[in-house]
Amino acid sequence: MGLNSILLVDDDNITNFINKRLISKHLENPKIEIALNGEEGIDYIKDNCNSDSNMCPELILLDINMPVMDGIEFLSIFNEMNFTNKENIKVAILTTSSNQKDVDKVKNLGDFEYINKPLTEAKLKSLLSKNID
């Protein structure tokens, strides 16, 4: 599949480890970066998504409930950002939250895939088939 770069934005190191292993099994040599909260995720995008960088993620898996900056705040800031090839970045919410308020907040911020944790092989394949050429 044609996906080379993924950013995991999640404060749970175990979840990140498991997701990284699962993704690596299904994609050939993906570059997987980790941000432990939304602020680190925004900083990563600011640092790596300029026009002369090939480090910009093509897929972001975003948790909702995190310290410092949560996923909702991340999406609000991300939506306001302007940078080259932003339209090529797919964002999927990957969370344990099934709170309808969270679901509604995400829907108000855009049309994002909403996946309940844990990420499984079937969920990953479905996500990739919908978002990757």
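Colleague: Before we start, what makes a feature count here?

Modeller: This is a predicted model, so local features need pLDDT of at least 70 and side-chain atom pairs pLDDT 80 or more, while totals for chains, interfaces and linings use all residues. Residues are numbered from 1 along each chain as its sequence is written, and side-chain values use heavy atoms, with hydrogens and water left out.

Colleague: Fine. What makes the 5 strands an open sheet, and what is their order?

Modeller: Strands are DSSP runs of E, at least two residues long, and helices are runs of H or I of at least four, both numbered from the N terminus. Two strands pair if DSSP finds at least two bridges between them. Here the order is S2-S1-S3-S4-S5, with parallel pairing. Strand S2 (31–35) and strand S5 (113–116) are the edge strands, since each pairs on one side only. From one strand to the next, the twist averages 20 degrees.

Colleague: How do you know that S1 pairs with S3?

Modeller: Count the bridges: 4 of them join strand S1 (residues 5–9) to strand S3 (residues 59–62), and the two run parallel. The cut-off is at least two bridges, so the pair qualifies. Leucine 7, for one, has isoleucine 60 as its bridge partner in S3. S1 is also joined to S2 by 5 bridges, again parallel, and there leucine 7 stands opposite glutamate 33. Further along the sheet, 4 bridges join S3 to S4, with leucine 62 opposite isoleucine 93.

Colleague: What makes S1 "mostly covered"?

Modeller: 5 of its 5 residues are buried, and buried means under 20% relative accessible area (exposed is over 50%, partly exposed is in between; 1.4 Å probe, protein chains only). Both faces are covered: Ser5, Leu7 and Val9 lie on one side, Ile6 and Leu8 on the other. In a regular strand the side chains alternate between the two faces of the sheet. S4 is mostly covered as well, with 5 of its 6 residues buried.

Colleague: Why is threonine 95 called buried?

Modeller: Its relative accessibility is 0%, so threonine 95 counts as buried. Threonine 95 is in strand S4 (residues 90–95). Leaving aside neighbours within four places in sequence, threonine 95 is in contact (heavy atoms within 4.5 Å) with Asp63, Ile64, Asn65, Tyr114, Ile115, Asn116 and Lys117.

Colleague: And what makes the link between threonine 95 and aspartate 63 a polar contact?

Modeller: The side chains are joined at 3.2 Å. A polar contact is a pair of N or O atoms within 3.5 Å; within protein, one must be able to donate a hydrogen and the other to accept it, and residues adjacent in sequence count only if both atoms are side-chain atoms. The 3.2 Å value is therefore inside the limit.

Colleague: Why is aspartate 11 partly exposed rather than exposed?

Modeller: Its relative accessibility is 33%, so aspartate 11 falls in the partly exposed class. Aspartate 11 sits in the loop between S1 and H1 and touches Leu36, Asp63, Asn65, Met66 and Pro67, not counting residues up to four places away.

Key: Axes are lines fitted to C-alpha atoms, for helices over the stretch in contact, and angles run from 0 to 180 degrees between N-to-C directions.
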